[in-house]
Each structure stands twice: as C-alpha cells, then as structure tokens.
Amino acid sequence: MGSKSQGKGDNGRLSGSEPVLIIKPALKNLGLDYLHITLIALVVVLVALSFELSTFKPGLLMENCSYGTLANGTCMTPVHNESQAIAGAGRILAGYATLTQSSLSLLPFYSKMNEATASYLSQQKEWFVAVPYIDPLYNNKTFSLSLLIYDANLSLAKSFVESAVPSSTTNDTVVALGVVKIADKVACTTKPPYPLYAFIDPYAPGAIGGIYAALNQSLQRPGELNVSYKFITTGYETQYYAGYGLNETLGLNENLFCASMQPEKFGAYMHNLSILYTGAPISGSSLYSVAAGSGLNISGFDACMTNSSQVINHQNLLASFYSVSPPPSYVVNCEYDTIPQMLNRTVSYLTAG
C-alpha cells in the first residue's frame, strides 16, 4: 500500500487533517499574547522575591537572661550579684546602731540576714533587699526591713521598715501633725479658756513627764487653758496590786489628784514627789509628808482624800468615754486627742483655728 503524501492544494492551503495552533494577540497595540504576559508576571515576582531576600536580616535570638534584656536584645548584667547585694545590705544595716535615740538602733542585732533575699530592678539599676527582723518591743514578732541599694556602689537609696498594723480601725481622724480628732465628740467651748484633760496613769512610763507637759502649758498659756488631771487605772498600775495591795497602789493616784486640786502649789508638790518617785507605789506616810512639805492646804487636802477613790472611778469612766490613747495622753477641748510630745502643737492648732 503506497504512502499518501500531503501537499498544498490548489489554493495553497494545507491538506489533510493535521491540527493547527493559532496564537492571537492579547493586546492589539502592544502585540503581546497571553503566554508572554504570564511569563512577564512570573519574572516580576521572581525579581521582587530576590530583592526581598537580599534585604532580609535574621531576627534577634532571644536568650534566657536572669536580669532582663537590653534594647539590642543582649542580656543585662548588673555590676554586683545577689550575694554581694545582700552583703552590702548588711553593711548598711549595721549603721542603724548609730541611731542611739531611736528603737531602730536595735535592728542590726535582731535582723535575720541568713533569710535575706535580693532582686535586681533592671529599670532602676538598683537591688531590692528584704531582710526579716524580730521586734523585741512587739512580742518578738517578725517584720520585714526593705532596702533599695544602688547597684553601682551598693549604697543606700531608700529604706522601708514594716511595723505592727492596727487590728481594727476607728472613726477617729488624724487632722494635723500630732492632732487626732475624736469621732462623735464636739468642742466644749468656742473661746478660751479651753479645757485640757491630762489622763495619767502614775505607773506608766513617762507619767511624770506627762504631768509636767500639762503644767508647762498652763504656765505658758495663762487664760487660754483650764487644765485638769485625770489619774486613771491601766495595766501599768494593776501589775502592782499583788505585791503592794490595792489601797497602797491606788494611794498615789488619790494623792496626786488631791494635790492637783491646789494648782498654785501643784508644781512644788511634783518637784518633791519626783525625788521619791521610782515608778512603784509609795507608802501613804511618805506621800503625806510630800503634801505637807509642798505648802498645800492640809485641811483641804484631807477633805479631798475622803472621797478621792470615788472621783478616781469617775475619771476612769471619762477616759473610757474619750477612748484615749495609752497614758500619758490628753484631750483638748473635748475633741482632740494627743500625746506629751505633741501637746503644744495641738493647743496651737486649736487656738489658731
């Protein structure tokens, strides 16, 4: 069987049934077909990807930094370590022993340095050192002393001392330095002389100084104050009942009260009493000698002593009514509570208002 050749026909066309690929232009003016457009788009994508890879920088490798990282991602390294910071705190703490007029001078001897902890504050470049300490003046309870120490030289930036907190709150309000406004109490008078109640347990620490503080105010502010003394019973007094008996222990309260009823001689009485005073009960005969030797009107003194115990009971009720601070303390014009160190400030606050 012979082969059948294909050739052009009379009109120059291909003969037979072979397929013919016809490519039409996509754009009339540019002469591009769809295949070329696809290839051009691919080239553009590859060029863009190459440019992106050429400018790409690897990210920062995050490290496990104990004290944080710097802006460039590297670890922050303090000048001193934790042990050195605690040792620096120990040197600072030893300096508190020089505060001889403060109970803080006991801190170096009651601090638990073996339990101290230190944390680095990277933003401040300081060490926060917490040191537990025992407070011997508060039933040996443990509190915390916190020190902020500069990392550069381990010197003290700030210190914070934790102390006892009140077990409950009251409606009283601190209104000025040394001045506490007693809740639900109103002024006794709006003009001088203002009443000043001095609440004293003669067996409490600072009792004699508390009496003298009120005496001095009455001398420095004649016509402004009407001072009266309230000799009350607290735990400082009751501790002596077993050893001295109730009558002899209360005798100091009663003698002081009756002597205070003669204000022009009370200063002399206090001077003589302070010679015998030790903080413990004084015999009745010795107290009578003090009264006689101070120039008191003895008949008036004796008359006062006959009902002094009843008066002392009333004074205890008055102290309860005002919920006064531990003695010696004062209530000024029936509405302000204060202590000996702040008595002058409280009276000034009252008179200035």
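**Entry 1: ground rules.** I'm working from a predicted model.

**Entry 2: E1.** I started with strand E1, residues 117-121. I wanted to know which residues sit on its covered face and which on its uncovered one. Ala118 and Tyr120 are on the covered face, while Thr117, Ser119 and Leu121 make up the uncovered one.

**Entry 3: E1's partner.** Next I looked up the pairing with E2, residues 126-135. The two strands run antiparallel, with five bridges between them. Ala118, from the covered face of E1, stands opposite Val129 in E2. E1 and E2 form a hairpin, and four residues lie between the strands. I checked the turn too: Lys125 there has a positive phi of about 55°.

**Entry 4: E7.** Is strand E7, residues 194-200, buried or exposed? Seven of its seven residues are buried, so the strand is largely enclosed by the rest of the structure. I went through both faces: one carries Tyr194, Leu196, Ala198 and Ile200, the other Pro195, Tyr197 and Phe199, and all are buried.

**Entry 5: E7's neighbours.** What does E7 pair with? With E8 (residues 225-231) the pairing is parallel, over seven bridges. With E9 (residues 329-332) it is antiparallel, over four bridges. Last, I traced E7 through helix H4 (residues 207-220) to E8, and noted a right-handed β-α-β unit.

Key. Residues are numbered from 1 along each chain as its sequence is written. This is a predicted model: local features need pLDDT of at least 70, side-chain atom pairs count only at pLDDT 80 or more; totals for chains, interfaces and linings use all residues. Side-chain values use heavy atoms; hydrogens and water are left out. Buried means under 20% relative accessible area, exposed over 50%, partly exposed in between (1.4 Å probe, protein chains only). Two strands pair if DSSP finds at least two bridges between them. A crossover is right-handed if, with the strands pointing away from the viewer, the path from the first strand over the helix to the second runs clockwise.
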